[in-house]
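Work through the exercises below with the sequence and the model at hand. Each task is followed by a solution in steps.

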Amino acid sequence: MTPPDPVSFLPVSDLPFQILLALGEGASHGYAIGKEIEERTDGRLNPTTGSLYQALRRLRQDGLIDTAEPPAGEGNGDPRRRYFRLTGLGRQVMSLEVERLESLILVARERAL
């Protein structure tokens, strides 16, 4: 089976982008991902539990994230928590998306917008 082309995932919509961004520093569980997104966007994006877990499920199906062990220090926390992490493909997609957004910002600045 041929691995998916990272370009085929572009552009990345807002909630999946924010989830992938939250996982950029390492594994995290769904509730923490949602809280980070809410805080980073000053409440502009406050995903419901349903929309967050639906997006996490889709990102996992697409191979951009995978389940993970809890980070060191969070060992025997709540056993119901499922931790997620970026995959290599997820990092490639984010890198390409960041480049795409940077090029758009550059054009906007050149046009004094």
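Two strands pair if DSSP finds at least two bridges between them. Helices (H or I, at least four residues) and strands (E, at least two) are DSSP runs, numbered from the N terminus.

The model is predicted: local features need pLDDT of at least 70 and side-chain atom pairs count only at pLDDT 80 or more, while totals for chains, interfaces and linings use all residues. Residues are numbered from 1 along each chain as its sequence is written, and side-chain values use heavy atoms, with hydrogens and water left out.

**Exercise 1. The sheet**

Task: List the elements of the chain, give the strand order, and find the bridge partner of D66 in β3.

Solution.
- Step 1. The chain has four helices and three strands, arranged α-β-α-α-β-β-α from the N terminus on.
- Step 2. The strands form an open sheet in the order β1-β3-β2, with antiparallel pairing. β1 (28-29) and β2 (65-68) are the edge strands, each pairing on one side only.
- Step 3. β2 and β3 (residues 83-86) run antiparallel and are joined by four bridges. Within β3, R85 is the bridge partner of D66.
- Step 4. Helix α3 lies across β2 and β3, at about 105° to β2. Such angles run from 0 to 180 degrees between N-to-C directions, with axes fitted to C-alpha atoms, for helices over the stretch in contact.

**Exercise 2. The core**

Task: Describe the largest nonpolar core and list what I65 touches.

Solution.
- Step 1. A nonpolar core is a set of buried Ala, Val, Leu, Ile, Met, Phe, Trp, Tyr and Cys residues joined through side-chain atoms within 4.5 Å. Buried means under 20% relative accessible area, exposed over 50%, and partly exposed in between (1.4 Å probe, protein chains only).
- Step 2. The largest core has 22 residues, and I19, L20, L23, I33, L56, L64 and I65 have the most contacts inside it. At least two residues of this core come from each of α1 (14-22), α2, α3, β3 and α4. Helix α1 gives the largest share, five residues.
- Step 3. Contact means heavy atoms within 4.5 Å. Leaving aside residues up to four places away in sequence, I65 touches L20, L23, L56, L59, R60, F84, R85, L86 and T87.
- Step 4. In soluble globular proteins, nonpolar side chains tend to be buried together.

**Exercise 3. Two buried residues**

Task: Is E97 buried or exposed, and where is T41 placed?

Solution.
- Step 1. E97 is found in helix α4 (residues 88-110). It counts as buried because its relative accessibility is 1%.
- Step 2. Not counting residues up to four places away in sequence, E97 touches L10, P11, V12 and F17.
- Step 3. P11 belongs to the segment before α1, and the peptide bond from L10 to P11 is cis, with omega near -10°.
- Step 4. T41 is in the loop between α2 (30-40) and α3 (49-61). With a relative accessible area of 10%, T41 is buried. Its side chain reaches the backbone oxygen of E38 at 3.5 Å.

**Exercise 4. Positive phi**

Task: What is the phi of D42, and in which segment is A112 found?

Solution.
- Step 1. Most residues other than glycine have a negative phi, and most peptide bonds are trans.
- Step 2. D42 has a positive phi, near 50°. D42 lies in the loop between α2 and α3 and counts as exposed, at 74% relative accessibility.
- Step 3. A112 is found in the segment after α4. A112 is not a glycine, yet its phi is positive, about 55°. At 72% relative accessibility, A112 counts as exposed.

Definitions and conventions:
Polar contact = N/O pair within 3.5 Å; in protein donor to acceptor, adjacent residues only side chain to side chain.
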